[in-house]
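Here is a short briefing to read alongside the model. Please take a look at the sequence and fold before moving on to the notes.

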Amino acid sequence: MATHYKIGTSEPVIRHDPGAGMWNSKPKTQKMSILKSEIRGHLPHAFLIIGDDAARHMNHYFKNTGKDYIIDLQDMIDDVQSAKRRYKREIDKVKIFVGTLPVGTHHITTDTTAQGYNRKKENWNWYYAVGGYSAWIKGIAKVESDSSGKRKYRLDYEYKVVDHYNWDHGKHVTIFGIKIEDVFMGEFHMQGMAREFKMLGFIKASIEWDSLSPGTHTVVSQSTGR
């Protein structure tokens, strides 16, 4: 799905898969309880196998709180080429939209999101940590014009990413002899021993450019939500 920017402040509708089902909707079994203990016992040593973020996200899942989790979005963009391209495309698209605006200050947003996916061949860590995600930009654009007609643009924006932690069908990894598959990862959630959660990431930045060189811009400031 392509993002379409517009004037406004509303958040887009986020689509995501339904996950494993209702939390704590099935009886707990001793087998799954033992398996949870074995997996959690190996997580401190699993950083080298599945990656640090993947291990942290899995540990948050097993903490069973369901609380939102802030991902290291800048690290994901630095590590995954497709995530880097996704980010750049969103900046390019929002700049084109800002270039159509009249002189003044405008709140901009979108009612759709772009879809990204961290593939295993690109980066094991982010494949297991996040996988697919939705992304968009919202912010405040300022458009000025000088006596010669040249326009100057400033955009204070937030690049936002969201996904829900639930394992994709067919995804699996072996950690110290334990094959972790999407089927029984969802079973932990159903038995109330782990809980799916929302993953959020954002980068806040300010950029400036002008109508004479719309293809380039200067980053005035930048911070990440980690």
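**Cavity, helix contact and aromatic pair**

The largest cavity has a volume of about 50 Å³, a volume being the space filled by probe spheres set on grid points joined across faces, edges and corners. This is a predicted model, in which local features need pLDDT of at least 70, side-chain atom pairs count only at pLDDT 80 or more, and totals for chains, interfaces and linings use all residues. Residues are numbered from 1 along each chain as its sequence is written, and side-chain values use heavy atoms, leaving out hydrogens and water.

**The cavity**
- On a 1 Å grid over the protein atoms alone, a cavity is a set of points where a 1.4 Å probe fits but cannot get out, and lining residues have an atom within 4 Å of a point.
- Of the 11 lining residues, Tyr128, Val130, Tyr165, Asn166 and Lys171 are the closest to the centre of the largest cavity.
- Helix H6 (124-129) and strand S6 (151-164) each supply at least two residues of this lining; helices (H or I, at least four residues) and strands (E, at least two) are DSSP runs, numbered from the N terminus.

**The aromatic pair**
- Tyr165 also forms a stacked aromatic pair with Phe197, 4.9 Å centre to centre and with 10° between the planes.
- Rings of Phe, Tyr and Trp (its six-membered ring) pair if their centres lie within 6.5 Å, and planes under 30 degrees apart count as stacked.
- The pair links distant parts of the chain, 32 residues apart.

**Helices H1 and H3**
- Lys36, Ile39 and Arg40 in H1 meet Met58, Asn59, Phe62 and Lys63 in H3, where contact means heavy atoms within 4.5 Å.

Technical notes
1 Å grid on protein atoms, 1.4 Å probe; cavity = no way out; pocket = protein on both sides within 12 Å on 5 of 7 lines; lining within 4 Å. Phe/Tyr/Trp six-rings, centres within 6.5 Å; stacked < 30°, edge-to-face > 60°.
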